[in-house]
Structure formats: structure tokens, C-alpha cells
Amino acid sequence: MEEKWWRRSVVYQIYPRSFQDSNGDGIGDLKGITARLEYIRELGADAIWLSPVYKSPNDDNGYDISDYQDIMTEFGTMADFDEMLEKAHSLGLRIVMDLVVNHSSDEHKWFVESRASRENPYRDYYFWREGKDGGAPNNWGSCFGGSAWEYDEKTGMYYLHLFSKKQPDLNWDNPAVRDEIFNMMDWWLQKGIDGFRMDVISLISKPAGLPDGVPGANGYAPASLVANGPHVHDYLREMNRRVLSKYDLLTVGECAAVTVEEAKSYANLDGSELFMAFQFEHM
């Protein structure tokens, strides 16, 4: 059996904002990356993992995405991306994109629609709940501090955000959400990218009923309690079946709050989910 290309590849991570500024505005950009591709190849890299370059209000360094199929204005245009991708491939370099699909930006069109009314067709793209005992729906805490719930006055309900309040969590239990995400992934792969590094992918399946957890010293149950949710492997196998298996890719999951043994389920030997996973026990 032919060995997968990524098994012996050196992957070079680029954080675009600070990598190379091509136009003197003090912000790194796609044209700056393109100008350094020969240099990266000379270093011995085989692939580039690109931190998020998608359209974003930049509340969390681009990990709050307002359009998965557009480029952050400060970084350039989609034409600049296509030029970078073409040149990278001509040099034998592959491009791996950051995939951030546990949450979107609150400025994404899905969430703008979702918060418009309780009856909006996009309402169930996110987690909306009534308050409880005059406060949040449960005692979950945000990774960024405070409650993981934000009250929205327009509809009188709370929405879930395991990270910033500008990063509402997507509801993967809704098949329409999975369709949207898988179609977006396929769009990028049709464009010619070579893989995905998947941000906090272990958090996409929330426990049924969103129950209270054991509170920590700050009074909140840690966001890690949603890791390895009841359907996370179902959803990753569906992703693999519908999208990943159709391409020759590098896939690696960032698996927060996952043990070494649990990580083996994400990067299983039969290739039905992801090829690799990294977790944080060493930290």
C-alpha cells in the first residue's frame, strides 16, 4: 500500500498577521506569504499550516469567522489566496487550512439570522436556551472567563459560547449545520487545498440536555466537560465519509481535554475519522 505523503512531511505553521507584510501597513498578508514560499521550501518544509485567514472581525485572532468562503480584508483577497496556492503547489509545497467549526463569529450571517427571532429558520444553528432561576441555563464556564452563556435582549434567551461571547457555538446536532460545514469544506478542497487542522474538534458534540457540571474554583463547570461528547465520533465519521475520504489529505484534530487513549479514537487506524490528533496532557 502506498504510504501517505503526510507521514514523512515537515509542516511549517504560519501565523499570517505577523509573518510578512507586503504593503507596509504593518500587518502580514497573503502576498507576503507568497513572496516567502521559496524560502520556506529551502528550509525543508513540505507543507504549510495556515492559521485562519477567513473573513473575521478579529475578536479572537481570526478564530471568529464571519464568512468561511472569503478572506480577511487585512490579509488580501481570494485572488491573492489562489495565487499563493498555485505558487506553493508549483514549488511542491502543500497548504493545510485551519478549520474552525465548533463556533462561528456572531457576525456570521447564520448567527445574525439566528438571533433575529425565535422562529427564524437559522435559530437551531446555535444553542438558544431559556434562563434558569433568574440566571444562565446552566453553570458552564467559558474558556475565556465568566459564564458560557450570553443573554440576548431581542429574543429574551441565552446563547452558548464556550469561548468569547462573539463566538457562539454551532449546533452540530442539526443536520443542516453539518451540511453547511461539509459543503464549505468541499468547496476549499475543490479549490485545491491539501488538508485541515481542526480547531477544538473534540468539543463539537454537546451532552444531551446541557446539564450542569461540577463547578471549579471560579464557580463554573469547565468547558472541557463537553469534550468527547456523545456524537463526536459519529459526526467525524460522517465528515470523513462525505468529504475527507474523497481527497488525498492531511487531517489533524486539536483535541482539547482528550487523553492519549481517547485521542486514538479520533486518529483511528482504520482511517474512518482523522489521520492525526494532538492533545494537551503534556501541558
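Predicted model: local features only at pLDDT ≥ 70, side-chain atom pairs only at ≥ 80, totals over all residues.
## Aromatic pairs

A search of the whole structure finds 18 aromatic pairs. Tyr 12 and Phe 19 form an aromatic pair of the edge-to-face kind, with 6.4 Å from centre to centre and 80 degrees between the planes.

An edge-to-face aromatic pair is also formed by Phe 278 and Phe 280, whose centres are 6.0 Å apart and whose planes make an angle of 75 degrees. Phe 278 has a relative accessible area of 28% and is partly exposed, and Phe 280, at 29% relative accessibility, counts as partly exposed. Elsewhere, ring pairs link Tyr 54, Tyr 68, Phe 81, Trp 110, Tyr 122, Tyr 125, Trp 187 and Trp 188 into a cluster.

Asp 98 has its place in strand E5, which covers residues 94-99. Because its relative accessibility is 0%, and buried means under 20%, Asp 98 counts as buried.

The side chain of Asp 98 is joined to the side chain of Trp 49 by a polar contact of 3.1 Å. When residues up to four places away in sequence are not counted, Asp 98 touches Trp 49, Leu 50, Ser 51, Pro 52, Tyr 54, Tyr 63, Arg 197 and Asp 199. One of these residues, Tyr 54, also belongs to the cluster linked by ring pairs.

## Helix H7 and what covers it

Helix H7 runs over residues 232-242, and its buried residues are Val 232, Tyr 235, Leu 236, Glu 238, Met 239 and Asn 240. An α-helix has 3.6 residues a turn, so residues three or four places apart point the same way.

## The largest pocket

The largest pocket holds about 230 Å³ of space. Its lining is made up of 11 residues, and those that lie nearest its centre are Trp 6, Arg 7, Asn 268, Leu 269 and Phe 275. Sorted by class, the lining of the largest pocket has 5 nonpolar, 2 polar and 4 charged residues.

Technical notes:
Residues numbered from 1 in each chain as written. Heavy atoms only, no water. 1 Å grid on protein atoms, 1.4 Å probe; cavity = no way out; pocket = protein on both sides within 12 Å on 5 of 7 lines; lining within 4 Å. Points joined across faces, edges and corners; volume = space filled by probe spheres on them. Nonpolar A, V, L, I, M, F, W, Y, C, P; charged D, E, K, R; others polar. Buried < 20%, exposed > 50% of the residue type's maximum accessible area, 1.4 Å probe, protein only. Helix = DSSP H or I, 4+ residues; strand = E, 2+ residues; numbered from the N terminus. Polar contact = N/O pair within 3.5 Å; in protein donor to acceptor, adjacent residues only side chain to side chain. Contact = heavy atoms within 4.5 Å. Phe/Tyr/Trp six-rings, centres within 6.5 Å; stacked < 30°, edge-to-face > 60°.
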